[in-house]
Amino acid sequence: MNNRRNFLKSILAGGAASSGLATAAFGRNFDQPVPKKPEGATRILHITDLHIRPEHKAPERCKRLLQSALKQAGHVDMVFNGGDSIYAADYKNIKRERVLEQWKVWDDYVAAPLKGHKMVSALGNHDMWWATEKTEKMYGKPYVLQRLKQKDRYLGFDLGKWRVLVLDCNNGGLLDKEQESWYFKEIKEHKDKPLVILSHQPIMMGGSLLGNGMSGRQKELVNPLVEAKVEARPVHFVSGHIHVRDELAYKNVHFHCNGSVSGYWWEYMDSPGKDNSYEGTPMGYTIIDLYDDGSYHSHYHNATDAKDGKLLG
């Protein structure tokens, strides 16, 4: 009980530790080749913050990056899309034509290269169009789900020996009451399974000490998952949103905020004297391997050439 009460205090004080079967590859060496898929592992390609749009050669560049990611990863069992799939539909000045234009690019340059791969998506804060009437069929989350070909904004399913939860934190940074009730039911009913929890906004990240960006009510969401014993089930939160690679761990709970496909922004690839990294994290993608024994390995891969900052083919 005391461990749970002091969770945030301990983790922010630097009490990060890895224990039990929950293991992860930490560090900031982004230029190593993606390891070959281990026998018996379930491999996930995590892409997030694509911010796809027609300008700045983003469509062609994104397509090349995805093709390279799939080639590097080898066999992929599932794609996790972390949200902010399109550049932005949420601003007040966005018109219908702009929303349709961005989703058309998604269809042609993201969905097409990923065709044939199972994909699950978290909703990003920039994905929804709010600047229209609520009766409009393109308003809000249902339309985004339609474009992503996904039935629900939050969901749970089994992936091998693991339980996967997908959260929608676009409720003022919180889970709404209906979703929160479902979340607590899920983590209780599947208490014997290791967990991977996908969201757009991070539930917790060290980088947020420098600014905003985390989901709200961290203690309430995380405390019921924290266990002191070594054999506790592994729990891994996977997110994006900040465009920065960031890792934290406390007891059996791990937080992986991964870098973005779009890097800083797509246009920075054409800026003289600049690369497309953001706060030291280059544009790229993450390969996650899940093992039946509860082990977890995460590898973030730099998609640009270290010498000239150009997108790798």
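Tutor: A residue counts as buried when its relative accessible area is under 20%. The model discussed here is predicted.

Student: Which residues of strand β6 are buried on one side, and which on the other?

Tutor: In a regular strand the side chains alternate between the two faces of the sheet. Strand β6 covers residues 195-198, and both of its faces are covered. The buried residues are Leu195 and Ile197 on one side, and on the other Val196 and Leu198.

Student: Which residue stands opposite Ile197 of β6?

Tutor: Strand β5, residues 162-166, is joined to β6 by four bridges, and the two run parallel. The residue opposite Ile197 is Leu165.

Student: Which are the edge strands of the open sheet of six strands?

Tutor: The order of this open sheet is β4-β5-β6-β7-β9-β8, and its pairing is mixed. An edge strand pairs on one side only, and this holds for β4 (155-159) and β8 (246-250). From one strand to the next, the twist averages 15 degrees. The edge strands are therefore β4 and β8.

Student: What angle does the direction of helix α6 make with that of β5?

Tutor: Helix α6 (residues 177-189) packs on the sheet and touches β4, β5, β6 and β7 (235-239). Its direction makes with that of β5 an angle of about 175 degrees.

Student: Which residue is the bridge partner of Val79 in β3?

Tutor: Strand β2 (residues 78-81) runs parallel to β3 and is joined to it by three bridges. In β3, Val79 has as its bridge partner Met119.

Student: Is His297 buried, partly exposed or exposed?

Tutor: His297 belongs to strand β11. Its relative accessible area is 30%. Because that value lies between the limits of 20% and 50%, His297 is partly exposed.

Student: How far apart are the C-alpha atoms of His297 and Ala41?

Tutor: Along the chain, His297 and Ala41 are 256 residues apart. The separation of their C-alpha atoms is 9.8 Å.

Student: Is helix α3 roughly parallel or roughly antiparallel to α4?

Tutor: Helix α3 (residues 58-73) packs against helix α4 (residues 96-111) at an angle of about 30 degrees, and their axes are 9 Å apart. Since angles under 35 degrees count as roughly parallel, the relation of α3 to α4 is roughly parallel.

Student: How many nonpolar, polar and charged residues does the contact of α3 with α4 have?

Tutor: From α3, the residues Pro59, Glu60, Cys62, Lys63 and Leu66 meet Val105, Tyr109 and Val110 of α4. By class, the contact has six nonpolar residues, no polar ones and two charged.

Student: How many residues of helix α5 are buried?

Tutor: Helix α5 (residues 140-148) is mostly covered. Its buried residues are Gly140, Lys141, Tyr143, Val144, Leu145, Arg147 and Leu148, and what covers them includes β2, α4 and β3. Of the nine residues in α5, the number buried is seven.

Notes: Residues numbered from 1 in each chain as written. Predicted model: local features only at pLDDT ≥ 70, side-chain atom pairs only at ≥ 80, totals over all residues. Heavy atoms only, no water. Axes fitted to C-alpha atoms, helices over the stretch in contact; angles between N-to-C directions. Parallel < 35°, antiparallel > 145°, perpendicular 65-115°, else oblique. Contact = heavy atoms within 4.5 Å. Nonpolar A, V, L, I, M, F, W, Y, C, P; charged D, E, K, R; others polar. Buried < 20%, exposed > 50% of the residue type's maximum accessible area, 1.4 Å probe, protein only.
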